[in-house]
Amino acid sequence: MGIAVIGGGVAGITAALDLADSGYKVYLIEKNAKLGGKVAELAECETGIAPRIVKIENHPNIELMLSSEVEGLSGSAGDFKLKVSGKEIDVESVVLAPGYDVFDSIAKSYAIGHPNVVTALEFEGMLRACTPSETGQLVRPSDGKPVKRIGFIKCVGSRGKENEICSTACCGFTAKEAWEVKERFPGTEVYIFYMDIRVFGRDEELVAKLKDKYGVKYIRSRVPEVIPENGTLTVKFENKPLQGLRGRGQSPRLENGTVERLDLDMVVLAVGLLPSKTLGKLAEIMGVKTDTYGYLETSLTNPLETNVPGILACGTATAPMKVRESVAQASGAALKAALFSERTELIPGQEERKFIEVADKPLKIGVFICGCEGEVAGAVDLPAVVEHVKHLTGVASVNGETTTMKEALEAIESGIVDQGLTRIVVAGYSPRLYEDLFRDACAKAGLNPYLLDMVNLREQVAWVHGKEEATNAAISQITMAVERARYLEPVPIERYPVIPKALVVGGGVAGMNAALEIAQAGYEVYLVEKEAELGGGLRENTELPSGESASDVLKEFVEKISSNEKIRVYTGATVEDVRGRAGSFRARMKGEDGGEEIDFGAAILATGAREFVPEGWYGYGQEKKVVTQSEFEKMLAGGHMDATTIVMIQDGIPGQRSKYSGIQVVSNALKAKALKPDLNVFVLYQEIKTYGKWEVLYKEAREKGVIFLRYDEGRPPAFQEGIVSVYDVIFTDEIQIKPDVVVLSPAMLPAEENEQLSTMFMIPLKNGFFLEEQERPKLVLTPVDTVNEGVFICGSAVYPAMVDEAIAMSSAAASRACVLLAKNFLETPGIVSVVDDAICSGCGVCVDLCPVEAIELVEEPVSAVTFGVMTVLSGKKTVARVIEGCIGCGSCASYCPSGAISLQNFKDQQVFAQLDYA
Amino acid sequence: MEEVVGGFEPKIVGFTCNWCTYAGADLAGTSRKKYPPNIRIIRLMCSGRLDPMFVLKALLNGADGVFIGGCHPGECHYIKGNFYARRRIAALRTILKQLGLDKRVRSEWISASEGDKFARTMKDMAEEIKQVGPNPMRDKIL
Amino acid sequence: MKGTELNYEDLEGFFQGLLDNKVIDALIMPHRVGNKVSYMLVRDKEKVASPESVIFAPSFGVNAANVVKGWMIDNKVGIVAKPCEIRAAIELIKLKQLNEESVLLITVDCSGAFKNEDYAEHYAEIGNLVDSAKLKELEGKGISIREACAICENRLADIGDIIIARINGKVGVAGLTEMGVKALSAVGLPLEDKDLERREEKERIVAEARKRLEELPKIDSVEALEAFLQDCIVCKNCRDVCPVCYCKECFFDQPLGNPVGGDLLNLAELRGAIEVPANQLLYHLTRVYHVCTTCVACGACEDACPKSIPLTRFYPVLAQKVQEIFEYVPGKDTKEPLPFTTYEDEELEECLR
């Protein structure tokens, strides 16, 4: 049987690939005629999603059903019958990933329809199509005049009457578009009108950079209308006093209420996200519940499960969210769906590969110049290039006929098989994204995959140069590649068995969930927690925002873990000294069990985050009445409230707050109000980040009489002698409150052990949190993968996340780990350093340089020798040796003055060859 | 000399790391940012693989300029590669400076998301090298 | 530092004591052959005779570090040599080409030296000991110290395990390291607190050296460089005598660095014509980069050049500026990391573009 994935957007694509790559039969059902969904409309999609689409189209385990609609479902988990456009397919489980639609009943007042008023998605298209270097300017669609001022209006069609929840993603993508405008058209003035800036983690850094470095003006005002006048667009907004304009003690000026006008050349509307229009019908067919807002219903602790067993949900069909979150959910849902299914297909790339011996064969270089669907053919004079390249020494054949990647791949395979080519040069697509595909094509045809060189004619020639120049550049770059190819050597590739076990570091909710899912998928798991008990952050909380008791949730997890014989738990333990690579790691444990060594194929780092102890902030630690939100939550759990006035200070302490923080503030305020309705609750804040559906809590809190006072960024509230004083920017006055309790929201800090784990597992840190391998530039399509294959990250170890998100991410990490563990064999990496013993002087500098300790010095004893007159004592000299774990940076090779250590595929001679022809 | 400056198209060899600057160049492409066609890119996995001897070889082969691009310090895919590269390039340029050759060698940290910076750098560098003039090694028998 | 003062003639007993007490198994030190000064490797202490007449002699032949390069046996050797030679030895220890435990580094004060053959020729006028006044006087007569010595800022013994300093008609002997102090006490020298830093003298030397450096002709353009190296026959002697060049097989002896036959012809095909021997400029430029942090400016390269190219103006001069940006003085301390093996998170951005 198999698994149906419904929706061919980024989430569906991700789920389908994870499943197919681990040997499941997948039906990928998409209602449109092509894959990619909304993400494919984004400017950066080329670098992110396009290679995945190619992979899906060529995947033996995926049956692609385009322009297909789901019409009916019968049966139950393990035995569903799905009717798709008149065809019936048998599947064991279903992943729902139908995506979202944008809010399309935008009020007329926004002058929608005016050529210079566009939605954020349309603007992406404009940015993509625009070739600014010709004009150097962004131009107005109406008349082609340069855009001097552009305004972004956020929350159009969200956080309002028509759609009361927050669309979550807009703050981030608006910032990204603003950044792109400033980066590409530095002279443009950029204005962003907003209600709250709800960004987290790295987006927070981006917004700060936009404000400080790029001079983007963030204006807190809900703009109700856009008025087209004489070719420009006028917006009216409420002006607020500028920060720091007025010193303390001066009398307040009544500046609120003054309405400013601003003439703009273009307006971009950050339009809200809504459930896909067909979602209701789909849900009905599938028999799954939807929530009040029309999204698929899931829960905080089961964010990927619908009410029907065997039917999983992910992505923007469950709630508005960012791309990275959709992708994480999709991976997680894939693994959950797999649990209902039997693996029936072969995993690609597992067959043993034998390569032709090329050393004794004459050099026959095949050059394949691909037109790239006209992209290259249109910009480069291909016949002229072919004519030139054909005459290069060693070139046995030049093929300038192929236009698509598929054709190119096939031509290469037949070139190797039929013509006996021994080196391949592919000119066309960027090697950064497609090298693996072309390497595989070579290997399939029996040629060592490292006998391939690629020339980037599309991204780095055709798209950036004029025709004549592009043709010359193409000739030069291909000539260089042909020269390099001449010196390429077959790189020895060995297969090694994958150890079907996983290591999970961190026993919080993310770690426990990951361990359980991997165990359920059938693999053994080592779960390592440094504290004496499992639980992590769950042990700090009393109640989850969903109302569930934290200790109940924890209890359930612990019971499941202890009853699962595949999971071995180490508490009070840490991991030391990790060696090896994806599929075959070895680590030493430190803890009660002593120095036990464990072997595993994949590792998940789920170390969580910890709350900063705000010692000294607002008298915390000295005054009893000053507590943190977590402590306040425990007070609330006591069930009674003695205080009459409570002040909550949000954002008062610098640092990165958890995504939970804003939700915790309003939820605690509401709980306090519920205990004592006449309680005075003041929330002093900068931003209330109740993203997504949590927005309703914020609304409810305001309705219940919680008073929200926004203070000026430069003037945080003060707490002295029992009085909280704050300058409120809406009343433009200093307000003094005498609270019984002051509640603080401290920032979250990364786990202390991250530093050490970062070195051991070679995962870079950013501000102490693990950095994911980014599907660069801007889309994060690999939210739980890292630069070190086989090591995954999830939960608050990546950024302080919300519970559902931590769980979804940990399921994703488990899924990615299982994709790897499902394989029987992996191949050793080809781009690694090698030492020529005969030349090595043993200076050891390479050992010091290696970032992953993959080089060691082997001592060669100098033996004692008795000469005629004396005995010379023994001594030792050294020689370098590359051991397991080399990542191929080449730092060693670039130092080594004699070239005794060299990086395969990037040897001096291969670079020299290119230089000779550059 | 003036005439030469006006008419000459410099040849620039560019060493870029795979993860940042090469990706930045790709992004310049996907964003269709035109830049002068003087650059010949040699892809390395990491700026840490840049043996300064490659730069010397390029200059002696007659390249008018050599560009080196890597990830921003602290963002290296291999953690330390660009830190090493920075020291090596600084040392090399210090040597070249005394020989009056340093202006031909320039390095920049360009991330995968800085397509515009890549295009701009290519443009600036082509201009700069035009000012510096042709590499005297260009037509020498060497 | 701990040490004592001795009379010049006490040095013989001191060196013999080192051998006698098995502090070291052998001693490399200068000795005299006619008017010339060479090094000898001594096993029999009786061969140490009047060392005071030769160890300070202002003559430079081979760099002693080049002699002990590759000394990886456990037998311990003492080296009595000038600061630049001991500095080179310390770099070699960092590069694992010399076993730190098997060498006792004894540094003697240097006033600057003449080329070995110049020294021999003018021995009668120069003598065994010189000071700055004497050097000036000799210079007036057209007998000048080597350029490398003229621009050397590190003439006073201040590194190694033991230093031997010339002070007021006597010699100060002091241990700088644990090994050095142990050696001194093993031969029964009284160990008092000694300050042999001589800051003022050092400042004077540095000022003088910098002035002389400024006066050197600069190689400040490609044309100047070509002219400078015009006569180079790529014999690679400068490499062979270089104490900090340590490759088992030099890149420029390998096919890529030293193309022959078809490789050579191929290059000619590519460019129409190439100058041969090939890679002359690449050889020197690469080599100066290779030694730019470790070059101790001893000037051995210049002495070895059969074409009398004044290589001091190239190797030490270019390297010094690199060492400045890394704030690195080669051979100061065996524990100090080599500049290319370390880094700061924020640094050197001004040197990149």
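This is a predicted model: local features need pLDDT of at least 70, side-chain atom pairs count only at pLDDT 80 or more; totals for chains, interfaces and linings use all residues.

User: How many disulfides does the structure hold over all chains?

Analyst: A disulfide is a covalent bond between the sulfur atoms of two cysteines. Over all chains, the structure holds one. It is formed by B:Cys20 and B:Cys71, with sulfur atoms 2.3 Å apart. The link of B:Cys20 and B:Cys71 is right-handed, with 95° about the S-S bond.

User: Which parts of chain B does the pair of B:Cys20 and B:Cys71 tie together?

Analyst: B:Cys20 sits in the loop between strand 1 (12-17) and helix 2 (21-30) of chain B, and B:Cys71 in the loop between strand 3 (65-70) and helix 4 (81-98), so the pair ties together parts that are 51 residues apart in sequence. Both B:Cys20 and B:Cys71 are buried.

User: Next, the interface. How many residues do chain B and chain C bring to the contact?

Analyst: Chain B brings 35 residues to the contact and chain C brings 40 residues. About 3,600 Å² is buried between chain B and chain C, with carbon and sulfur atoms giving 64% of that area. On the chain B side, the residues that lose the most area to chain C are B:Arg87, B:Gln98 and B:Leu99, together 22% of what that side buries.

User: What polar features does the rule find across the interface of chain B and chain C?

Analyst: There are 14 residue pairs in polar contact, counting pairs with both residues at pLDDT 80 or more. The rule also finds three salt bridges across the interface of chain B and chain C. One of them can be located by its residues: C:Arg353 forms a salt bridge with B:Glu108, and their closest N and O atoms are 3.1 Å apart.

User: Which elements of chain B supply the side that touches chain C?

Analyst: Helix 3 (52-60), helix 4 and strand 4 (105-109) of chain B each supply at least two residues of that side. Helix 4 of chain B gives the largest share, 13 residues. By class, the side of chain B that touches chain C has 20 nonpolar, five polar and 10 charged residues.

User: How should I read burial along a helix?

Analyst: An α-helix has 3.6 residues a turn, so residues three or four places apart point the same way. Helix 1 (residues 11-20) of chain C is mostly covered, with seven of its 10 residues buried. The buried residues in helix 1 of chain C are C:Leu11, C:Phe14, C:Phe15, C:Gln16, C:Gly17, C:Leu18 and C:Leu19. Just after this helix, C:Lys22 has a positive phi of about 60°.

User: How many salt bridges does the structure hold over all chains?

Analyst: Side chains of opposite charge can pair when their charged atoms come close. The structure holds 91 salt bridges over all chains. In chain A, the side chains of A:Arg539 and A:Glu533 meet in one of them, at 3.6 Å from N to O. A:Arg539 is partly exposed at 36% relative accessibility, and A:Glu533 is partly exposed at 49%.

User: Where do C:Lys2 and C:Asp193 lie?

Analyst: C:Lys2 forms a salt bridge with C:Asp193, the closest N and O atoms being 3.0 Å apart. C:Lys2 lies in strand 1 (residues 2-6) of chain C and C:Asp193 in strand 10 (residues 192-193), so the pair ties together parts that are 191 residues apart in sequence. C:Lys2 is partly exposed, with a relative accessible area of 36%, whereas C:Asp193 counts as exposed at 62%.

User: Which residues are linked in a network of salt bridges?

Analyst: One such network links B:Arg86, B:Arg106, B:Glu108, B:Lys117, B:Glu128, C:Glu349 and C:Arg353.

Conventions
Residues are numbered from 1 along each chain as its sequence is written. Chains are lettered from A and ligands numbered from 1 in the order in which they are written. Side-chain values use heavy atoms; hydrogens and water are left out. A disulfide is a pair of cysteine sulfur atoms within 2.5 Å. Helices (H or I, at least four residues) and strands (E, at least two) are DSSP runs, numbered from the N terminus. Buried means under 20% relative accessible area, exposed over 50%, partly exposed in between (1.4 Å probe, protein chains only). Contact means heavy atoms within 4.5 Å. Buried area is the accessible area (1.4 Å probe) that two parts lose on being put together, summed over both. A salt bridge is a side-chain nitrogen of Lys or Arg within 4 Å of a carboxyl oxygen of Asp or Glu. A polar contact is a pair of N or O atoms within 3.5 Å; within protein, one must be able to donate a hydrogen and the other to accept it, and residues adjacent in sequence count only if both atoms are side-chain atoms. Ala, Val, Leu, Ile, Met, Phe, Trp, Tyr, Cys and Pro count as nonpolar, Asp, Glu, Lys and Arg as charged, and the others, Gly among them, as polar.
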